[in-house]
Amino acid sequence: RHKLEYLKEMIVGVDLLIVAAVASITTFGVNLLGSEWLSFISDSKPAITTLGAFYSFALVFRTNICYSRWWEGRVLWGSIIVCSIRIAQQAHLWIKEPALVHRLSCLAIIFAYCCKAQLRGVGVEDDTEDGAKLLQRGVISQEELDMISRQSGWQPYYCIDAMRAVVSSGLAGDSKHDGWKNNAAQTAMEGTICKLADSIGGCIRVRTT
């Protein structure tokens, strides 16, 4: 759908009309004034060659920058996928309360969809996004979906804060026993959550630039 919208913008956009108008006027002028234009164009070949070389350099340089940003965005999105899976695995390993484990796994899923919506410039509750599908699947409740939609900041960071709250609650129950294990688990899970936050921040930066 997004590719079709982009193609539609290219076809009906102003740029294509401007190029067609300029080309038509130039062709009409050449045919009207005769062969004098042809000799003028032939004499300007060295200048056109020089300008073409600079233009080619600028085009290649810009293309390389765009490709680098695209590749950076792809790596960052891959990090979101890996860390979303990792935080769910860590929850199953270190949190004993099944309800909290399920809650953290759902938050990881919601986070990924909120990231997708954020990068498209909308919210997860938008009709073009998957908030309704997550609601049908039982991943998110209507109350929480409404709460996320009312956030004044970036929606993915609501999920980040909720994940930290779940981790803190899940590891606080056995603080008297195996405290060093809980500290190590909390450190590891906090590292994963920080990578999630850094990844979506980087994706938004790449999209903005």
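This is a predicted model: local features need pLDDT of at least 70, side-chain atom pairs count only at pLDDT 80 or more; totals for chains, interfaces and linings use all residues.
**Ground rules.** I kept local features at pLDDT of at least 70 and side-chain atom pairs at pLDDT 80 or more, while totals for chains, interfaces and linings use all residues. Numbering runs from 1 along each chain as its sequence is written, and side-chain values use heavy atoms, with hydrogens and water left out.

**α5 and α8.** I looked up helix α5 (residues 98–119) against helix α8 (residues 155–172): their axes come within 8 Å and cross at roughly 165°. That makes α5 roughly antiparallel to α8 (over 145 degrees counts as such). Helices here are DSSP runs of H or I, at least four residues, numbered from the N terminus. Axes are lines fitted to C-alpha atoms over the stretch in contact, with angles from 0 to 180 degrees between N-to-C directions.

I then listed the contacts (heavy atoms within 4.5 Å). The α5 side includes L104, L107 and F111, and the α8 side includes Y158, M163 and V166. By class, the contact has 16 nonpolar, four polar and one charged residues.

**Q90.** I found Q90 in helix α4 (residues 45–94). Q90 is buried, at 10% relative accessible area (buried is under 20%, exposed over 50%, partly exposed in between, with a 1.4 Å probe and protein chains only). Leaving aside neighbours within four places in sequence, Q90 touches I95, A188, M189 and T192.

**Aromatics.** I count three aromatic pairs (ring centres within 6.5 Å, using the six-membered ring of Trp; planes under 30 degrees apart are stacked, over 60 edge-to-face, the rest tilted). W154 and Y157 make a tilted pair, 5.8 Å centre to centre with 40° between the planes. W154 is partly exposed at 41%, and Y157 is partly exposed at 28%. Y67, W70 and W71 form one aromatic cluster.

Note on methods:
Helices (H or I, at least four residues) and strands (E, at least two) are DSSP runs, numbered from the N terminus. Angles under 35 degrees count as roughly parallel, over 145 as roughly antiparallel, 65 to 115 as roughly perpendicular and the rest as oblique. Ala, Val, Leu, Ile, Met, Phe, Trp, Tyr, Cys and Pro count as nonpolar, Asp, Glu, Lys and Arg as charged, and the others, Gly among them, as polar.
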